[in-house]
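Okay, thanks for coming, everyone.

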Amino acid sequence: MHTPENTPSVFPNALAQSLHESGLIAVVVIDSLDAVRPLAETLFENGIKAIELTLRTPIAVEAIKCIRQTIPELIVGAGTVLSSDQVVEVADSGASFAVSPGLNPSTIEAAKNVGLPFAPGICTPSDIETAISLDCRLLKFFPAEASGGLPYLNAVAGPYAHLGLKFIPLGGIDETNVVSYFQSKLVHSVGGSWIAARHLIQDQDWDEIARRCQSLNALLRQHRSPS
């Protein structure tokens, strides 16, 4: 993968570079605060340096705060951020960045106003052009596999190649197809909810989560496209 270049202030270069170096973003849903510490430790100790904690449970924001206190070295972002109010809430929680499944200009503007790095979700050329108009160059490609995977991303991103856009694919990616994403120069980093699946967190199956982290990091080291 190319190192992110010329990323506007919506997503600062230093943070973009850190996420790029991590290569993997574990997308997690946490139902209990009791799971926060063991989950964060399992991910970090087994090579996952960045997570996207989705705002799909009542404790999500509190969980972000807990992770920041437990392992401050872990890059913690908020996912499924759908409104200006949520932007403010996650910024106050100490989240390092936020992402959304789609593209809402008012949410992006709110993120700019509070200085929260934000990567909106895109799926179409119109989405991409709207993101460009809002100074976004790091974009979440969602739902990746359901939309056509890398062949679709290559096609839809082609007209904008001169702008240096980078993408975080998410949706339908797992160990069976992640290698092709690692090998794409369009891909900045890969997001995955299978890395620490919700049922594994609920079952406190830290051994299986650790195994998945280790397996993915081995694939990343072996197959990632050179910067």
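Before anything else, a word on pairing: two strands count as paired here if DSSP finds at least two bridges between them. With that in hand, take strand β1, residues 24-28: β1 pairs with β2 in the parallel sense, over three bridges. If you want a spot to look at, find Ala26, whose bridge partner in β2 is Ile51. And please keep in mind that what you see is a predicted model.

Now the overall picture. The protein has 11 helices and nine strands. Its radius of gyration is 16 Å, close to the 17 Å that the globule rule gives for 227 residues, so the protein is as compact as a globular protein of that length. Along the principal axes, the C-alpha atoms fill a box of roughly 45 × 40 × 30 Å. Of the 227 residues, 55% are buried. The accessible surface comes to about 9300 Å², and carbon and sulfur atoms own 49% of that. Also, if you take the contacts between residues at least 6 apart in sequence, 64% of them join residues at least 24 apart.

Back to the strands. What order do they take in the six-stranded sheet? Reading across, we get β5-β4-β3-β2-β1-β9, in an open sheet with parallel pairing. At the edges sit β5 (118-119) and β9 (190-192), each pairing on one side only. Helix α3, residues 60-70, packs on this sheet and touches β2 and β3, with its direction at about 155° to that of β2. Further along, β3 (residues 75-79) runs parallel to β4 (residues 97-99), and two bridges join them. There, Gly77 stands opposite Phe97 in β4.

How many residues of β2 are buried? Five of the five, so β2 is largely enclosed by the rest of the structure. You can see that on both faces: Ala50, Glu52 and Thr54 are buried on one side, and Ile51 and Leu53 are buried on the other.

Okay, what about the helix packed on that sheet? Ile64 counts as buried, because its relative accessibility is 0% and the cut-off is under 20%. Leaving out residues up to four places away in sequence, Ile64 touches Leu53, Leu55, Val76, Ala78, Ser93 and Ala95.

Compare that with Ser96, in the loop between α4 (84-93) and β4. Is Ser96 buried or exposed? At 19% relative accessibility, Ser96 counts as buried. With the sequence neighbours up to four places away left out again, its contacts are Leu15, Arg68, Ile75, Val76, Leu116 and Pro117. Val76 also turns up among the contacts of Ile64.

Next, the other sheet. Three strands form an open sheet in the order β6-β7-β8, and here too the pairing is parallel. The edges are β6 (121-122) and β8 (166-169), each with a single partner strand, so one side of each is left without a neighbour in the sheet. Strand β7, residues 138-141, is joined to β8 by four bridges. Look for Lys140 standing opposite Ile168 in β8.

In general, most residues other than glycine have a negative phi, and most peptide bonds are trans. The bond from Phe142 to Pro143 is cis, with omega near -10°. Pro143 lies in the loop between β7 and α7 (144-147). Then there's Thr80, which is not a glycine but has a positive phi of about 55°. You'll find Thr80 in the loop between β3 and α4, and at 15% relative accessibility it counts as buried. Gln204 also has a positive phi of about 55° without being a glycine. Gln204 is in the loop between α10 (198-202) and α11 (206-223), but this one is exposed, with a relative accessible area of 52%.

Key:
Residues are numbered from 1 along each chain as its sequence is written. This is a predicted model: local features need pLDDT of at least 70, side-chain atom pairs count only at pLDDT 80 or more; totals for chains, interfaces and linings use all residues. Side-chain values use heavy atoms; hydrogens and water are left out. Contact means heavy atoms within 4.5 Å. Axes are lines fitted to C-alpha atoms, for helices over the stretch in contact, and angles run from 0 to 180 degrees between N-to-C directions. The radius of gyration is taken over C-alpha atoms; the globule rule is 2.2 Å times the number of residues to the power 0.38. Buried means under 20% relative accessible area, exposed over 50%, partly exposed in between (1.4 Å probe, protein chains only). Accessible areas come from the Shrake-Rupley method with a 1.4 Å probe; for residues, only the protein chains shown count as cover.
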